[in-house]
Amino acid sequence: MNKFGKVYIDTLDYWARAWAKESEGVDLTFARVGGRTSKAFPNRENVDFWQQTGPEWVQSYIDWRVANTDWKIWYTPEGAPAIELGLTPIFAGVPVKMVLDRVFEVNGDLVVVDLKTSQQTPTSTLQLGFYKLGLKQIFDIDVKYGAYWMARQEGTSALVDLSSYTEEKLEYLVGSFDKARKAGIFIPNTNNCNRCGLTEHCQFTSKK
Ligand code: SF4
């Protein structure tokens, strides 16, 4: 295989085909641009940034998979690989849609993994806890650990023990959210304002 900088020619080809497929018919003129300005990308993380960095991150994921042969993709009882696995478990009578990036089997333990391109590793593991309980409800399997695969760090965060997430806790959480929603009570969460599309209309936004 030939190498082109950090990225193999095949990866560039995969990237180009995936980009063409996903962006077909999509007008990116006013696409939201995230991230910070840098010397290389003064216009922040725009299309040019993604066209350069995207293939590098794909290559980095491939390299990580090749180097970690103990991490094997888990398959559902129906034989589907747990890649972008869509599930809709029900908590407190509320269907909760989720798409799990990956579920791996690592030396006998199941590990649910979310792929992230963000700068910071999430401080909350609640998302992984929901995935654990979703898998339990739909497939009756016990997931022990979760992790974030961080593209910018070219690997996984530390494994998180998900044993503290129980069906009872998530039922309470979802049930409380549902009651608040039905009562028209919405508590602002200012942790993710930078990624929110409502900042212009929100009096609580923390976005500068
Ligand atoms: S801008 Fe307002 S609605 Fe958006 S995330 Fe921040 S607090 Fe929530």
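## Helix packing

α3 and α4 are roughly perpendicular to each other (65 to 115 degrees; under 35 is roughly parallel, over 145 roughly antiparallel, the rest oblique). Helix α3 spans residues 126-139 and helix α4 residues 167-182; they pack at about 115 degrees, with axes 10 Å apart. Their crossing is left-handed (near helix turned anticlockwise from the far one by less than a right angle; clockwise is right-handed).

Helix α1 (residues 9-23) and helix α2 (residues 47-67) have axes that come within 9 Å and cross at roughly 125 degrees. α1 and α2 are therefore oblique to each other. This crossing is right-handed. Axes are lines fitted to C-alpha atoms over the stretch in contact, with angles from 0 to 180 degrees between N-to-C directions. Helices are DSSP runs of H or I, at least four residues, numbered from the N terminus.

## Model basis

The model is predicted: local features need pLDDT of at least 70, side-chain atom pairs count only at pLDDT 80 or more, and totals for chains, interfaces and linings use all residues. Numbering starts from 1 along each chain as its sequence is written, and side-chain values use heavy atoms, without hydrogens and water.

## Ligand shell

Which residues are around the ligand? They are Pro188, Asn189, Cys193, Cys196, Thr199, Cys202 and Thr205 (a heavy atom within 4 Å). The shell has four nonpolar, three polar and no charged residues. Ala, Val, Leu, Ile, Met, Phe, Trp, Tyr, Cys and Pro count as nonpolar, Asp, Glu, Lys and Arg as charged, the others, Gly among them, as polar.

Conventions. Helix = DSSP H or I, 4+ residues; strand = E, 2+ residues; numbered from the N terminus.
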